[in-house]
Amino acid sequence: GKKGGRGNASWQDSAAAATQLERSSTSVPSSSSTAPPPDAGMLGGVDGLREVLATANMPQALRSQAASWCIEQGAANLFEILEVLDDFSSDLGLKPLEKKRLEKALKAAVEDDGGDEHAAGEARQRLANAIDSGDAVELQEALSTARSA
């Protein structure tokens, strides 16, 4: 008789545990699906960074690291991150493919901004490259683009 009684008690215990488990697992999704704050696009003080990281399929852990990085480095916009992408990538320990995806997403987002700021930055970049190369023709072209930007 005793053996059966004990077996019975443990069966009830495991049923109670299973019910407990079901309860705890069903409450998880509801708590995580809270409405995003009004500034949903802002991450680390950079507007649009959240979308860029999502577009680039960055894991959640990397997204919070990226936010901290932007705050520490004082990055104000996506263009600034794009300009220092190598540092950003190595500081966050991105894999080459992740970096490539991120670069693509950043460029797309920066171009979407239609930024005059971006055009000017791109012109500065071309000028810098032309100066580095020492190619006069390239330098002239870069200068004319810079004037129109």
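Leu53 counts as buried, at 2% relative accessibility (buried is under 20% relative accessible area, exposed over 50%, partly exposed in between, with a 1.4 Å probe and protein chains only). This is a predicted model, in which local features need pLDDT of at least 70 and side-chain atom pairs count only at pLDDT 80 or more, while totals for chains, interfaces and linings use all residues. Residues are numbered from 1 along each chain as its sequence is written, and side-chain values use heavy atoms, with hydrogens and water left out.

**Surroundings of Leu53**
- Leu53 belongs to helix α2 (residues 49–55); helices are DSSP runs of H or I with at least four residues, numbered from the N terminus.
- Beyond four places in sequence, Leu53 touches Leu43, Met58, Arg63, Ala66 and Leu102, a contact being heavy atoms within 4.5 Å.

**Nonpolar core**
- The largest nonpolar core has 26 residues, of which Leu49, Cys70, Leu78, Ile81, Phe88, Leu102 and Leu106 touch the most other members; such a core is a set of buried Ala, Val, Leu, Ile, Met, Phe, Trp, Tyr and Cys residues joined through side-chain atoms within 4.5 Å.
- At least two residues of this core come from each of α2, α3 (60–73), α4 (78–83), α5 and α6.
- Cys70 is in contact with Gly44, Val46, Leu49, Ala75, Ile81 and Phe88, leaving aside neighbours within four places in sequence.

**Helix α6**
- The buried residues of α6 (residues 96–112) are Glu98, Leu102, Ala105, Leu106, Ala109 and Val110.
- These residues lie on the same side of α6, because they cover an arc of only 130 degrees around the axis (taken from the directions from the helix axis to the C-beta atoms).
- The face turned away from that side carries the exposed residues Pro96, Leu97, Lys100, Lys104 and Glu111.

**Salt bridges**
- The structure holds 2 salt bridges, each defined by a side-chain nitrogen of Lys or Arg within 4 Å of a carboxyl oxygen of Asp or Glu.
- Lys99 pairs with Asp86, the closest N and O atoms being 2.3 Å apart; Lys99 lies in α6 and Asp86 in α5, so the pair ties together parts 13 residues apart in sequence.
- Lys99 is partly exposed at 24% relative accessibility, whereas Asp86 is exposed at 52%.
- Lys107 and Glu103 form a salt bridge at 3.2 Å, N to O, and both lie in α6, 4 residues apart.

**Confidence**
- The chain has a mean pLDDT of 74, with 60% of its residues at 70 or more; pLDDT is the predictor's confidence in each residue, from 0 to 100.
- Confidence is lowest in helix α1 (residues 2–32), at a mean of 52, and highest in helix α5 (residues 85–92), at 95.
- Over residues 25–39, pLDDT stays under 50, and the model has 0 contacts there beyond four places in sequence.

Technical notes. The expected span of a helix is 1.5 Å times one less than its number of residues.
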